[in-house]
Amino acid sequence: MPTHIIALLFAIVAETIATSALKASDQFTKIGPTAIVVIGYAISFYLLAYAVRFMPTGIVYAIWSGLGIVLVAVISWLWFGQKLDLGAIIGLGLILAGIVVINLFSDTASHG
């Protein structure tokens, strides 16, 4: 797997961890979760910047933000007990479908 794809995947993981820690940071009043937020976003943007050297920015951002949205929603559901209604589940499914379409059918998303 190319290094820019690995970097993008790790950027998504770092962003998901950082975003999930936002709630625990209690508006940046708790030092531990706040550090996770800052470090997670710093890592994520560094890796995202690497990925856009090899892929179009719009495609990288669509994959990064789309998968991040879905992962944060799932973590919030599992970890924080936040509910997902049918509309949210359908919307998240459409986001995933969009990412699949981009990766499978778009020449713009050249991963090579």
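Visitor: In which kind of crossing does α3 pass α4?
Guide: α3 passes α4 in a left-handed crossing. The term applies if the near helix is turned anticlockwise from the far one by less than a right angle, while clockwise would be right-handed. Before we go on, this is a predicted model, where local features need pLDDT of at least 70, side-chain atom pairs count only at pLDDT 80 or more, and totals for chains, interfaces and linings use all residues. Residues are numbered from 1 along each chain as its sequence is written, and side-chain values use heavy atoms, with hydrogens and water left out.

Visitor: What makes α3 roughly antiparallel to α4?
Guide: Helix α3 (residues 57-79) and helix α4 (residues 86-105) pack at an angle of about 150°, their axes 10 Å apart. Angles over 145 degrees count as roughly antiparallel, so α3 is roughly antiparallel to α4. The axes here are lines fitted to C-alpha atoms over the stretch in contact, with angles from 0 to 180 degrees between N-to-C directions.

Visitor: Which residues make that contact?
Guide: Contact means heavy atoms within 4.5 Å. Among them are Ile59, Ile63 and Val70 of α3, plus Leu92, Ile99 and Asn103 of α4. By class, the contact of α3 with α4 has twelve nonpolar, two polar and no charged residues.

Visitor: What about α1 and α2, at what angle do their axes cross?
Guide: They cross at roughly 155° and come within 7 Å. With the cut-off at over 145 degrees, that makes α1 roughly antiparallel to α2. α1 also passes α2 in a left-handed crossing. The residues of this contact divide into 19 nonpolar, seven polar and one charged.

Visitor: How close is the reach of α2 to the one expected at 1.5 Å a residue?
Guide: α2 has 21 residues and reaches 30 Å from its first C-alpha to its last, close to the 30 Å expected. The expected span is 1.5 Å times one less than the number of residues.

Visitor: Which residues of α2 are buried?
Guide: Thr34, Val37, Gly40, Ser44, Leu47, Leu48 and Ala51 are, and the buried residues of α2 pack against α1 and α3. Buried means under 20% relative accessible area, exposed over 50%, and partly exposed in between (1.4 Å probe, protein chains only).

Visitor: Why does Gln27 count as exposed?
Guide: Because Gln27 has 71% relative accessibility, and exposed starts over 50%. Gln27 is in the loop between α1 (3-25) and α2 (31-51), with a positive phi of about 55° although it is not a glycine.

Terms used:
Helix = DSSP H or I, 4+ residues; strand = E, 2+ residues; numbered from the N terminus. Parallel < 35°, antiparallel > 145°, perpendicular 65-115°, else oblique. Nonpolar A, V, L, I, M, F, W, Y, C, P; charged D, E, K, R; others polar.
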